[in-house]
Amino acid sequence: MNIGRVSGDFPHTFWQGLKNAVETSKMVYEANPSAVIRKETDKIVVKSHYTEDEALWNQYMKPYREALKIVDDQLVVNADIRHLAPYILTKTIPSEELESFQRKLEQEGIGDEIDWWGVKYDFQDMDINFRNAGYLNTRIDYIASRCAVLKDRIERNYSGEEKEQQLSKLNEILDHTKKTMIDSYCGSVGNFYEECGYSEAKTEMAESLSKGIDQRISQYEEHLQQSESYAALRNTTVRWMQQDDGYMAARLREDMNAYDRVSTQTSSTKTEEMAYTLQDLEIAGIYSAECQEQLDNQGGTFWSDNEQRIGLDLAVQGMKTDYLSKHAGLSNNMQNLLQNTFQSYKDNYIDTLEQMLKEKAKQFFTPFKTSVNREEINEVYTYTMMQYRQSGNILDAFTQGAKQARSIAEAKFYGYGRQYHQAENIPDIFTQESWAKFEELFFEKEENRDYSAKHDWDNFFVPSDYTRFTKEDSMYVKYQKSINRFLESLESGNYKKIHLLFGSSGDYELNLFA
C-alpha cells in the first residue's frame, strides 16, 4: 500500500523529518507542530469518509505516535525507528505486511479503552477563519459525530466514578475545541461585521455558534439511538472497526446525511432560540471572506480607477448580495445583516481604492489620479440596481447597466473632446494629424488621463483584436459566466460550493477551477 496519500498518514514535512532521522541518526529535528496532523484531521474540509483502508493504516501507525513527538517546535524521536527505514524512504508498506496486521486486529481487536490521545490529536487545528469559514458545518459535523459516538461508548462501557471521569475528559476536550472555533470565527468573521458597523456581531455570533454546536451534538446523539440503519451497520461491522470511534463516527455522519436528505420530520431535540442558525454563520463566513479579499486586493485590475466600471462592479456585487440573502435559506436576521453590511462595504471599497491610488501616485513623477468621482460611481450603481429591483434578473440588469455605463463614459469622453476643439483651435473634422494633436493635449492633463478607459469600453461587449486573436472572451461574456456560475452554485442547493466571485470578470479566470 502506498502511504503517501492515505487518511491517517502524516504529511510530507513529517515524513521528511523521519527520513532525516533514519539517515543522520539525530534524535532532535526542527519541525512545524501544525504539520503533524493525521490526514483525517487534515481532510475535514473535504469531509473524509475514513474508509476501512484508512482506519487500518491509522491503527498501523499508532505504536509510533509516542516514539515521535513534537516538543517546543522540534521533532523528538524517543525510540529506535531504524526498522521503519524502508517504509520511510519509499513511503510504501508491503501489502502482505498490512494484511498480516489486519488479521491480527481481527483476532485481537484494538481494545475497548478510549484512545484519548487520538481524540485530542484529531480535534487539533479547528480554527475557523476567512480561508475555511465555508466549511464551518463540515467541522461541526465532524466534532458532533465523534462526541456522540464517544458518549455512547462511555455510557455502555463504564459506570460509577470511572464513567464520570471519562465523560469529564470528553467534555474538557469538547470545551477546548469549541472555544478554539468560537474565538477564531469571531476574531475573523465576527470582526469583519463589527468593522462594517454592527457592534453586536461578535457577541451574537459567539452565542449562536456555541448553542448551534451543542444542538448539533444532541441531534447526532438522538440519531445514533434511534437510527435502525446505523444500529444494523454497527452490529455487522467487524469488532476492531467498532472499537475505532473515528471510523464509527464517519459511518454515523453518512447515516445522518442520508436521513437528512429523505426525512421531513422534525427532530425532537430541543432547539434554543439563536440570533443566527449554523447555516447563517457558514454563509456569513463565505460572504465576509469574499468581501475581505476584495478589500485586500483592491486596485489589482487595470481599470479599477474608472468610475463607470467601479459602479458596474459594485452593482454586480450588490445584486449578488441581495440574491444570496433571499435564496440561501437564511434567517431574517442574517438577511438584514448582509444587506446592511454591503452598504458599509461599498463605502470601504471606494475608500480603500482611493488610498491605494494615493499610494501609487507617490511612486510616479508625472501627475497620477488620486481620487474618484463618487457621484459618477453612484450613477451607474443606482441605475443598474434599479433595473435589478424591477426585473429581479441579475443578468438582464447587468446588461442594461453595462450599456448605460458605456454610454456615460463615451459621452464624457466626447464632451471633453469638444471642449478641446474650442480651447486648442482643433478643426471640427479630425485629420490624422489633428487627432494625434488632440490625443497629446487631452491625455497630458491629469484629470483626463482616466478616459484612456474608452478603449476598454469600446471592446467591452465584443473581443478586441488582441483577445480575438488569443480566443479570449470579451469582458461582457466573462461577467456573464461569473454571474451564471454564482446562480448555478445557489440553485444546486449545495451551499458549501457557493461562488460569489465578487471580483466579477477580473477574478473570474483565476476562480474558474477553484
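Buried means under 20% relative accessible area, exposed means over 50%, and partly exposed is in between (1.4 Å probe, protein chains only). Keep those words at hand for the tour.

**Before you start**

You are looking at a predicted model, in which local features need pLDDT of at least 70 and side-chain atom pairs count only at pLDDT 80 or more, while totals for chains, interfaces and linings use all residues. Residues are numbered from 1 along each chain as its sequence is written, and side-chain values use heavy atoms, with hydrogens and water left out.

**Stop 1: the whole protein**

Show everything as a cartoon. The protein has 22 helices and three strands; helices (H or I, at least four residues) and strands (E, at least two) are DSSP runs, numbered from the N terminus. Of its 514 residues, 50% count as buried.

Now colour by pLDDT, the predictor's confidence in each residue, from 0 to 100. The mean for the protein is 79, and 69% of the residues reach 70 or more. Select residues 1-16, where the pLDDT is below 50; beyond near neighbours in sequence, the model gives this stretch 54 contacts. Then select residues 504-514: pLDDT stays under 50 here too, and the model has 22 contacts beyond four places in sequence for them. A contact means heavy atoms within 4.5 Å. Among contacts in the protein with a separation of 6 or more, 76% come from residues 24 or more positions apart.

**Stop 2: H3 and H5**

Select helix H3 (residues 52-61) and helix H5 (residues 95-108). Their axes come within 11 Å and cross at roughly 85°. Axes are lines fitted to C-alpha atoms, for helices over the stretch in contact, and angles run from 0 to 180 degrees between N-to-C directions. H3 and H5 are therefore roughly perpendicular to each other; angles under 35 degrees count as roughly parallel, over 145 as roughly antiparallel, 65 to 115 as roughly perpendicular and the rest as oblique. Show side chains to see who meets whom: Glu52, Leu56, Trp57, Gln59 and Tyr60 of H3 face Glu97, Leu98, Phe101, Gln102 and Leu105 of H5 in contact.

**Stop 3: the loops on either side of H6**

Move to Ile114, in the loop between H5 and H6. Ile114 counts as buried, at 9% relative accessibility. Leaving aside neighbours within four places in sequence, Ile114 touches Val119, Leu150, Arg153, Ile154, Tyr158 and Gln166.

Next comes Asp125, in the loop between H6 and H7. Most residues other than glycine have a negative phi. Asp125 is not a glycine, yet has a positive phi of about 55°. Asp125 is partly exposed, with a relative accessible area of 36%.

**Stop 4: salt bridges**

A salt bridge is a side-chain nitrogen of Lys or Arg within 4 Å of a carboxyl oxygen of Asp or Glu. The whole structure contains 19 of them. Select Asp122 and Arg146, whose side chains form one at 2.9 Å, N to O. This pair links distant parts of the chain, with Asp122 in helix H6 (residues 116-122) and Arg146 in helix H7 (residues 136-157), 24 residues apart. Both Asp122 and Arg146 are buried.

Another salt bridge joins Lys478 and Glu472 at 2.3 Å, N to O. Lys478 counts as buried at 5% relative accessibility, while Glu472 is partly exposed at 30%. Elsewhere, salt bridges with shared partners join Asp122, Arg146 and Asp245 into one network.

**Stop 5**

**Last stop: Tyr198**

Finish at Tyr198, in the loop between helix H8 (160-195) and helix H9 (201-226). Is Tyr198 buried or partly exposed? At 31% relative accessibility, Tyr198 counts as partly exposed. Not counting residues up to four places away in sequence, Tyr198 touches Tyr193, Glu204, Tyr276 and Leu337.
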